[in-house]
Amino acid sequence: MERSTPISATYRLQFNKDFTFRDATGLLDYFSELGITHIYASPIWRSRPGSAHGYDVIDPARLNPELGTEADFFTLQTELRNRGMGLVLDIVPNHMSASSDNSWWMDVLEHGPESAYASYFDIDWHPPSRSLESKIYSPCLDAHLPKCLRAESSG
């Protein structure tokens, strides 16, 4: 196993359809001259179409085609390695998109805790309120849930 150079200087790249793996590869000599040892990449997994940031992943098992092909990504990795540089990937579970574009999320909405993907999401299936048992509620309210529920029942 190859030992990586210790990280001493990172440069963060925000990948999107306007800045691809090929674009990054073309800048590696410049980064190397600056003394950059590692590129810190924004999420590179398949995101909602047109995503400007990649923090709305819809398939964490595939590269985002708007960023380039697998060959483009492997070229970037090879060219980093050729310069003694490394790649740090931003992989955080909460980068998953809760939208109809995400088949994993849609499966969870359909099958609840029985979904094969239920454990991939941070869902409290057993909240303090029994009326919410095994249900999903989205925190997009004007206030905390109990206050909204009180207002609804009194209104």
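Let's start with L13, which is found in strand 1. Strands here are DSSP runs of E with at least two residues, helices are runs of H or I with at least four, and both are numbered from the N terminus. This is a predicted model, where local features need pLDDT of at least 70, side-chain atom pairs count only at pLDDT 80 or more, and totals for chains, interfaces and linings use all residues. Residues are numbered from 1 along each chain as its sequence is written, and side-chain values use heavy atoms, with hydrogens and water left out.

Is L13 buried or exposed? L13 is buried, at a relative accessible area of 5%. Buried means under 20%, exposed means over 50%, and partly exposed is in between, with a 1.4 Å probe and protein chains only. Across in strand 2, the bridge partner of L13 is A41. Now compare D56. That residue is 43 residues from L13 along the chain, and the two C-alpha atoms are separated by 17 Å.

Next, the sheet around L13. Strand 1 covers residues 10-13 and strand 2 covers residues 38-41; they run parallel, joined by four bridges. For two strands to pair, DSSP must find at least two bridges between them. R12 stands opposite Y40 in strand 2. On to strand 5, residues 86-89. Strand 2 runs parallel to strand 5, again with four bridges. There, I39 stands opposite L87.

What is the strand order in the open sheet? The order is 1-2-5, three strands with parallel pairing. Strand 1 and strand 5 are the edge strands, each pairing on one side only. From one strand to the next, the twist averages 25°. Angles like that are taken between N-to-C directions, from 0 to 180 degrees, with axes as lines fitted to C-alpha atoms, for helices over the stretch in contact.

Now salt bridges. Side chains of opposite charge can pair when their charged atoms come close. The rule here: a side-chain nitrogen of Lys or Arg within 4 Å of a carboxyl oxygen of Asp or Glu. That gives five salt bridges. I'll take three of them.

K17 bridges to D18, with the closest N and O atoms 3.5 Å apart. K17 is partly exposed at 47%. D18 is exposed at 63%.

R22 bridges to D72, at 2.9 Å between the closest N and O atoms. This pair links distant parts of the chain: R22 is in helix 1 (residues 21-26), D72 is in helix 3 (residues 70-82), and they are 50 residues apart. The two ends differ in cover. R22 is exposed at 61%, whereas D72 is buried at 12%.

R83 bridges to D29, where the closest N and O atoms are 2.8 Å apart. R83 sits in the loop between helix 3 and strand 5, and D29 sits in helix 2 (residues 28-34), so the pair ties together parts 54 residues apart in sequence. R83 is partly exposed at 26%. D29 is partly exposed too, at 45%.

On to the aromatics. Rings of Phe, Tyr and Trp (its six-membered ring) pair if their centres lie within 6.5 Å; planes under 30 degrees apart are stacked, over 60 edge-to-face, and the rest tilted. The count is 10 aromatic pairs. Take W104 and Y120. Their ring centres are 4.7 Å apart and their planes are at 50°, so the pair is tilted. W104 is in helix 4 and Y120 is in the loop between helix 4 and helix 5, so the pair ties together parts 16 residues apart in sequence. W104 is buried at 16%, while Y120 is partly exposed at 46%. Elsewhere, ring pairs link F15, F19, F21, F73 and F74 into a cluster.

Last stop, the surface. Which residues make the nonpolar patch of about 230 Å²? They are M106, L109 and I136. Patch residues have over 30% relative accessible area and no salt bridge; nonpolar side chains (Val, Leu, Ile, Met, Phe, Trp, Tyr) are joined within 5 Å, like charges within 9 Å. Areas come from the Shrake-Rupley method with a 1.4 Å probe; for residues, only the protein chains shown count as cover. I136 lies in the loop between helix 4 (103-111) and helix 5 (145-154). I136 is partly exposed, at 31%.
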